[in-house]
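Let's take a friendly walk through a protein model. Have the sequence and the 3D view ready, and follow along one stop at a time.

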Amino acid sequence: TGIEEVDDEVVLRCRIAYWALVARMDAMIGEMLEALKRNGLSENTLVIYTTDHGEQVGEHGLWWKQTFYEDSARVPAIISWPGVLPQGVHSNSVINQFDLNATMLDATGAPTLPRSNGRSLLSLLKDPDNTPWDDVAFSEYCMDAQVEGRPSDIHSGPTGWFHRMIRRDQWKLNYYHGMEPQLFNLAEDPRETQDLARDPGYSRIRQDLVAEVLDGWDPEVTAAKMAAIQADQMVLQAWARNVDPPDPIRWDLRPEMDYLD
């Protein structure tokens, strides 16, 4: 993202801001839970806390979220349903975020989503010893190529990015298309400092995980599809600029809201 060197003072300030945001969000979640309790709904509500991505604040010398390191790709999953799910249980099972969608549908008795690979967690959480579970998760990160006529996106590159990750059991393979993959044993190396992808002793694991991450997913096909969608978007954006349709739903972000105290 164009950030190459960040001094210690800036790193500290950014981490302070990050944890301040976490503290504020924690307080807001507390307000919602208190509202449920105040209205007599706390004992009959399934509450799931998660997020869309992590954040790198200097780990591995990186910032923002565009890699598959744990700081960026791993997200929380805290589930509470009083009287239905056990309390105080920590599960080491590997799940995908769309498993949470399947869990909510299962909890309400709704049919499963068509074409979804989501797996309900209810049986796993209630009876983990007798519930078969495949410890595998995928993550994907793709960005359009930079093209003439569109503003340059600092997250992307001249040819775009088409990347995928697989986590199976304790192993994680990061597949960055056009580059060497990364392979980590998260049980032994949770901070991902020892890349085993080029170690001959792990060549079979690398081979198997690369095959699995590419099964049903072709980065070149994905790039072609995204290029076609991008061309459509350029037509739509040109139309919007010329027609100037009303845009009434917009966050009023004023300059004075951004400040460094």
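**A serine and its surroundings**

The side chain of S72 reaches the backbone oxygen of K65 at 2.6 Å, a polar contact (a pair of N or O atoms within 3.5 Å; within protein, one must be able to donate a hydrogen and the other to accept it, and residues adjacent in sequence count only if both atoms are side-chain atoms). This is a predicted model, in which local features need pLDDT of at least 70, side-chain atom pairs count only at pLDDT 80 or more, and totals for chains, interfaces and linings use all residues. Residues are numbered from 1 along each chain as its sequence is written, and side-chain values use heavy atoms, leaving out hydrogens and water.

You will find S72 in helix α2 (residues 70-73); helices (H or I, at least four residues) and strands (E, at least two) are DSSP runs, numbered from the N terminus. Is S72 buried or exposed? With 3% relative accessibility, S72 is buried, because buried means under 20% relative accessible area, exposed over 50%, and partly exposed in between (1.4 Å probe, protein chains only).

Now turn to the sheet. Its 4 strands form an open sheet in the order β5-β6-β7-β8, with antiparallel pairing; two strands pair if DSSP finds at least two bridges between them. At the edges are β5 and β8 (182-185), each pairing on one side only. Between β5 and β6 there are 8 bridges, and C142 stands opposite F162 in β6.

Finally, look at helix α6, where P219, T222, A223, M226 and Q230 are buried. At its start, a side-chain oxygen of D218 comes within 2.9 Å of the backbone nitrogen of E220.
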